[in-house]
Structure formats: structure tokens, C-alpha cells
Amino acid sequence: MDKQNKNKKKQPKTKVIRINLSWLYFLLILGIVWMLIGNRGTSAQKIEWAQVQKMFVDGDIKEIHFIRNDYKGTIAVKPEKLGKYSSLFPGNETPKSSPHFFFLVSGSFDAEHEFASLNEQLSDRNQVKIIMENDSKLWSNVMEWVFPLLLLILFWVFMFRGFSKNMGGGPGPGGMNPFNVGKAQGKLTDKNKVNVTFKDVAGLYGAKEEVVEIVDFLKNPKKYTALGGKIPKGALLVGPPGTGKTLLAKAVAGEADVPFFSMSGSDFVEMFVGVGASRVRDLFAQAKEKAPCIVFIDEIDAVGRARGKNAGFSGNDERENTLNQLLTEMDGFGTNSGVIVLAATNRADILDKALMRAGRFDRQIHVDLPELKERVEIFNVHLKGLKVAEDFDVEFMAKHTPGFSGADIANVCNEAALTAARRDKQMIERQDFLDAVDRIIGGIEKKSSIITPAEKRSIAHHEAGHAVVSWLLPNANPLFKVTLIPRGNALGAAWYLPEEHKLYTMSQLRDEMCSLIGGRVAEEIINGEPSTGAQNDLERLTQMAYGMVQYYGMSEKVGNLSFYDSTGARGYDFTKPYSEKTAELMDEEVKKLISEIHDKTLKILTDNKEGWLKVASLLLEKEVIFAEDVENILGPKVKPETDEKPAD
């Protein structure tokens, strides 16, 4: 029995060839074209009546076919005499089939008399066969009327059957068919073709729990309805790009035992007026027919932008009409029982308030950047198909990728595999992962970059200034390595491993600002003047200073005020929420703060000049130094006195 089962499994599956209807259309068109302009070899050549008479007398003609109502005659020459007239054909190539020549005459031509007189000059053996008839022109009349009608019918069929769909064209039922332009282009996901489950979604603890609950409600509704609970109408996934919002939706499609429609917000937007609203209606009409089901709209901000904030558009904007229809379908006069709307966006601040309210999106599920434990799980997911060295420490890499999203970690693993293959390694090692992180953050290494010795010396002292200041300040981020190797737009870089804080104190921000300006101050000390190399540092420094004064209330003169608009209610209002006098005061406070930071950094580098110069010298020698090298010169890193402070 086992052998029989194996033989059954080994039998090849028969392939069913499906004939596409468009093939018949093309064959029909090709046949018509072939009949009209088909190549039939060398065509008959035109000659004059005088030449016909000479050929007749010479006994070279085999047969003449004369059409009375066309005043046209065709001539078939005897095969043995055909070579005599080869010069009359293109390329001296005689045709293989008759007729060989044709001639035209006027309406006064008396065919019976002319042909009879010519035949009388020939002997009985050389008489020419004469065929005279009238052409009914039935075929030409049929083609003249039927062919245009046939083209119209074919065009009409193409329009209604969706030419694009028959040809395997664009996605969705719309295609190139103008009659389907208002149809929704949502894809009904086949559960058997989705291989993503909740096990494939690493991390995202809180977000995953809420989504799992929605799926559980669809699978076991009695568990919740027994207590009077109602199914949530919608859930909005909010988070930075690459954190796994779409991946969560794929997992829902793979886990839920209900129909799953997926669309992008841009699928509703079209150049035709009213198409977006029509597609929304059609989408929810399909969803109601298959309820209970889930509708997933990715990047919903494409149609969900707050009304009245579309700069340059009128109140009758097509996007607003689409949004109004979406609001009505989700929670309007008619109910959508059993239809759950799942949406994703990384710009929740610009969404319309009516869309965000309870009853439409009952839940806002925040999908944040993964923390250390979550990054470990994400690394383990993406390392499954990779040949990694046995001593590889996943937790080490998770600690060295703070702020990385799930997509970033997947990119790190892929880049590490490519780096190891480029180096002809059999296994992927830790250094390959570190190089992949450097490449993703800083860009590709510029080996051919031309840097003068003076510039290299200045860059070394600049980066050493960053490293030394951050090493000597207790609240600055821990240093990982310093490099002189140019990457991207950076001529050098100091890499840190920032601790994952939820809150930042004023002391922590000031120490970070000192670390940022450390390179600029180092240049002033060693060169006697600054250079343009600190542009990015000064940009970040200025942003942090204005953030402390304008947003966080960390200025004594400005006070405990915050002018940050977290709701986005001001929209495109270009007026400032403070007076000109307050703006001048804030500018003065920012300049004062940066001046204090500069003086503090200058004192740190001056007091520790010997150690700073040693770090710069070592960096010039090795081009890449690590925290251990800095510790050998400056001693252990200065740490905060305590992480916990007693309550007041």
C-alpha cells in the first residue's frame, strides 16, 4: 500500500490549458489583416493593350480572363514562354502562380470583336482560351458593410469585458475599463496564500494583544456577547515607519477565519470627480455581503487628512468627498454590523477628528519602536534563514541597534549576509553585522575619498573632542567607537549607544549638547578657528536648545510655557502663538544657553587637553578606536551618582 501511495504522489499533475478569449480576438484581427494586405508572392504586372496584342500574335498567351463591368483583363502566360518576360517583373523574378499580367481598357472596348479577330490570326492549335464574365462584387460589398460593424462590436465587447483584465493587465476589477472606474480595487485575501501568523510577528507586545483580541472576537463571538459586549468597529494602527503595522495586518489576514479585504489609501484617489466616494461605497457594499469580515486600509492618511487643511484646495475637494463617504460608511445612518475596519498610518496627527472618534476607530493601537527585549526577538526571527557563527551574540547586536525598527533590523541581517558573502566567508560573524549597521546608518565607506593631511588632523581632533566630552560627562550617551573613515556625507563619526529613556532631565539634555559641540570647540582649540565640519552638530544643537526653551519650559525667563502643537489644530495657520517680544526673549535665551554650553565644553577640553590629544593621536594612527581605547587613556567613564532620587 505504501508503494502505491508513493507512486500516486509521484504522478505528474495534468496541466489544464485555459484558452483566453482575447486569443480569439487577435486571431480574428490577424485573419482580416492577412486577407486585406497578405503577401501572396510576386503580384501580376500591368501592361498595355498593345503589348497584349503582340503577346497574342506571338502565341505566348495561355488564357485571358476578362471582367466586362470592371474593364479589366488578366493574362496567364504559357509556362515555357514565361522566361521571355522576366524583365517585366521586379528583380527579374517570374511569379510562380497565374495570372501573370493584367490590362485595363476603356468603356468603348468591344471585347468579343477584339479577341475574335486576334484568335483568327492564330492556328487552331494555338487558339487562346477567352473567359468573359461580369463580377457581382458580393465579397467586397459584404466587407464594406460588415467590417466596420465588426470592429464596433469588438470594441464594445472589449469595453464591457475589461480588456485589461482579459490580458492580465492592471490589478483589480477596474483595469482599463472606464465603466468600472468607480469600482473598489480592494483585494480579497486568500487565507491559504497568506503564510504570516502572529508567531511571525516578534515583539509588539501591547499592539499584538489588541489585534489578537479582535481576531478572537471574530472566532468566538459568544464569549464576549454573552456579557453584552459589542464588536469594535475599527482599530487604527499608529506608529513610525517600519515598525510592523502592515505585518500585523498580514498576520490578521492569516489568522482570522473571515474574509479580509486590503486596500491602500491612494486606491481611492482618482482624477475623475466622484470616483473616490464611489469606490468607498462599492468596497463597503462588498464587505457587507461577506460580513463578518475585516477591511484593511493601509496609509489611510491619503484620504483621511483633516478637512479644511488641504492647502490650495477648495471646500469641494475630491479628497474631502471621499473622506465624507468613508465617515458615513463607517458610522452613518446605516449600520455596518460585522464589518471591522483596520487601518494603518504613521501620520495620525493630520487625520480628521471625525475619523478618529469612538464609533469609527474605537481603538488606537500604538506600534512603537521595539525595545531591547523586542529587538532580540526580531533578530531571532530574521536570523532563521541565515548561516550565523555559533558564537554570535544576539543580545549584543540588539544593544547596538537602539532606535532601529523591525524593517531596519531585517535590513541589517540582509546586509550582514551580503557583506559576509562579499568577503567569501562560510558563516556570518559579528563584525559583519557591525559593518552592516555602519553602512545603514552612515552610508557606504568611501575608500577613494581624497583628504589632505591637515584636514585629516582636524577631523581626528574634532571626533576626539566629541568622544572625550561625552566620556567625561556623566549624563552623555556611552561611547562605542570613533572612526575617521568617511561614510556618506560624513568625513568621520563618533558612534554612541544611547540608553533608552522615556524622560530626559535638563542635566541630561545639557550634557548631550556639550557632547554635540565638543567637535566644534576642539577645532577652535587646535586650529585657532572653526571650520564647516560642524554643520550637522550645530543644527542638532540649535534644535535641542529651542526645544528646551519653546517646548519643555526649561528657561527661567520664558517660564513654564510650551508652544508645541501636538494636536495639529493650527494646521496651515502661519501666525505664531506668541508675541514678537516673547520671540526675541526666546532667541536670547537660546543664545545664552548655547554660550553656556560652549564655555562648559571649552573648560572640559582645556582641563583634559593631554588626554584629548592622546585620543586624537591614537585615532590618527588606527583610524578606528573603541571605548576600550578611550578608557585606557582617560580612565573609566564618568557615571551619574545615582539613577534614583528620593521623592520630595
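This is a predicted model: local features need pLDDT of at least 70, side-chain atom pairs count only at pLDDT 80 or more; totals for chains, interfaces and linings use all residues.

Biologist: How many bridges join S12 to S13, and in which sense do they run?

Modeller: In general, strands of a sheet pair through backbone hydrogen bonds, either parallel or antiparallel. Here S12 and S13 run antiparallel and are joined by four bridges. Two strands pair if DSSP finds at least two bridges between them; strands (E, at least two residues) and helices (H or I, at least four) are DSSP runs, numbered from the N terminus.

Biologist: In what order do the three strands of the open sheet come?

Modeller: The order is S13-S12-S14, with antiparallel pairing. Strand S13 (493-496) and strand S14 (624-626) are the edge strands, each pairing on one side only. From one strand to the next, the twist averages 15°; such angles run from 0 to 180 degrees between N-to-C directions, with axes as lines fitted to C-alpha atoms, for helices over the stretch in contact. H22 packs on this sheet, where it touches S12 and S14 (contact means heavy atoms within 4.5 Å), and its direction makes about 130° with that of S14. H23 also touches S12 and S14, but its direction makes about 70° with that of S14.

Biologist: Which residues of the largest nonpolar core touch the most other members?

Modeller: A nonpolar core is a set of buried Ala, Val, Leu, Ile, Met, Phe, Trp, Tyr and Cys residues joined through side-chain atoms within 4.5 Å. Buried means under 20% relative accessible area, exposed over 50%, partly exposed in between (1.4 Å probe, protein chains only). The largest core has 40 residues, and Met513, Leu605 and Ile625 touch the most other members. Among the elements that each supply at least two residues of this core are helix H18 (453-472), strand S12 (479-483), helix H19 (506-527) and helix H21 (580-607). Leaving aside residues up to four places away in sequence, Leu605 touches Gly465, Val468, Val469, Gly518, Val521, Ala522, Ile525 and Trp612.

Biologist: Which strands stand at the edges of the sheet of five strands, and why is one side of each left without a neighbour?

Modeller: That open sheet has the order S1-S4-S3-S2-S5, with mixed pairing. Strand S1 (45-46) and strand S5 (129-133) are at its edges; each has a single partner strand, so one side of each has no neighbour in the sheet. Strand S2 (residues 61-67) and strand S3 (residues 72-77) are antiparallel, over six bridges, and Phe66 has Gly73 in S3 as its bridge partner. Helix H4 (residues 111-120) packs on the sheet, touching S2, S4 and S5, and its direction makes about 175° with that of S5. In the hairpin of S2 and S3, with four residues between the strands, Tyr71 takes a positive phi near 55°. S3 and S4 are antiparallel too, over four bridges; there, Lys72 stands opposite Leu104 in S4.

Biologist: How many aromatic pairs are found in the whole structure?

Modeller: A pair of aromatic rings is described by the distance of the centres and the angle of the planes. Rings of Phe, Tyr and Trp (its six-membered ring) pair if their centres lie within 6.5 Å; planes under 30 degrees apart count as stacked, over 60 as edge-to-face and the rest as tilted. The search finds 13 pairs. Trp49 and Phe109 are edge-to-face, at 5.0 Å centre to centre with 80° between the planes. Trp49 lies in helix H3 and Phe109 in the loop between S4 and H4, so this pair ties together parts 60 residues apart in sequence. Both Trp49 and Phe109 are buried.

Biologist: How far apart are the ring centres of Phe260 and Phe296?

Modeller: The centres are 6.3 Å apart and the planes are at 25°, so Phe260 and Phe296 are stacked. Phe260 is in strand S8 (residues 260-264) and Phe296 in strand S9 (residues 293-298), 36 residues apart.

Terms used:
Residues are numbered from 1 along each chain as its sequence is written. Side-chain values use heavy atoms; hydrogens and water are left out.
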